[in-house]
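Trainee: Before we look at the model together, I would like to learn how to read its features one at a time. Could you give me the general idea each time and then turn to the case at hand?

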Amino acid sequence: ASMKIMMDLRYGGLVCDMDYFDHNLKAQFKQAERQNPLFLLILGDDELERNVINVKNSKTQEQTQVPIPSLYDYLLDELDKLHSCNGSCDHCQEGCE
């Protein structure tokens with residue numbers, strides 16, 4: 001499931017990575033922090049059973065549960081909040097400036 005989620009996000013143009021070596025959670029967080037991500041996506045058995053994923057904002061440390069089918073749109077919305085638009089990006093909507 002995690003590989004499919006990652007590939008779907010990549011197909012949508014988002015840069016993402018995952019732990020391929022099954023490290024413990026502490027080691028995974030440490031490795032992720034070295035890469036300076038905007039968000040950490042946390043998917044465990046409990047989340048998978050409920051079809052949700054935890055999204056942790058690396059800057060604010062806030063964590064939100066997001067339904068997996070809504071993840072891509074949620075991340076795009078959060079990314080839009082992080083930048084001020086000059087109207088030149090591919091994701092701009094009418095009136096965005």
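Mentor: Let us start with Glu78, which is buried at a relative accessible area of 15%, where buried means under 20%, exposed means over 50% and partly exposed lies in between, computed with a 1.4 Å probe on protein chains only. Keep in mind that this is a predicted model, in which local features need pLDDT of at least 70 and side-chain atom pairs count only at pLDDT 80 or more, while totals for chains, interfaces and linings use all residues. Residues are numbered from 1 along each chain as its sequence is written, and side-chain values use heavy atoms, with hydrogens and water left out.

Trainee: Which residue meets the side chain of Glu78 in a salt bridge?

Mentor: Side chains of opposite charge can pair when their charged atoms come close. A salt bridge here is a side-chain nitrogen of Lys or Arg within 4 Å of a carboxyl oxygen of Asp or Glu. Glu78 meets Lys81 in this way, at 2.9 Å from N to O, and Lys81 is exposed, with a relative accessible area of 62%. The two are 3 residues apart in helix 4 (residues 71–82), so about one helical turn separates them; helices (H or I, at least four residues) and strands (E, at least two) are DSSP runs numbered from the N terminus.

Trainee: How many salt bridges does the rule give?

Mentor: The count comes to 3 salt bridges. One of them joins Lys4 to Asp8, with the closest N and O atoms 2.7 Å apart, and because these residues are 4 apart in helix 1 (residues 2–11), they too are separated by about one helical turn. Lys4 is exposed at 55% relative accessibility, whereas Asp8 is partly exposed at 39%. Asp17 and Arg10 also form a salt bridge, their closest N and O atoms being 4.0 Å apart; Asp17 is partly exposed at 47%, and Arg10 is partly exposed at 34%.

Trainee: How much space lies in the largest pocket, and which residues are closest to its centre?

Mentor: On a 1 Å grid over the protein atoms alone, a pocket is an open set of points where a 1.4 Å probe fits, with protein on both sides within 12 Å along at least five of seven lines, and lining residues have an atom within 4 Å of a point. The largest pocket holds about 1200 Å³ of space, and of the 32 residues that line it, the closest to its centre are Asp17, Met18, Phe39, Leu40 and Leu41. Helix 2 gives the most to this lining, with 6 residues.

Trainee: How should I read phi at Asn36?

Mentor: Most residues other than glycine have a negative phi. Asn36 has a positive phi near 55 degrees; this residue is found in the loop between helix 2 and strand 1, and is exposed at 66% relative accessibility. Gln61, which is not a glycine either, has a positive phi of about 65 degrees, lies in the loop between strand 2 (52–57) and strand 3 (63–67), and is partly exposed at 46%.

Key
Points joined across faces, edges and corners; volume = space filled by probe spheres on them.
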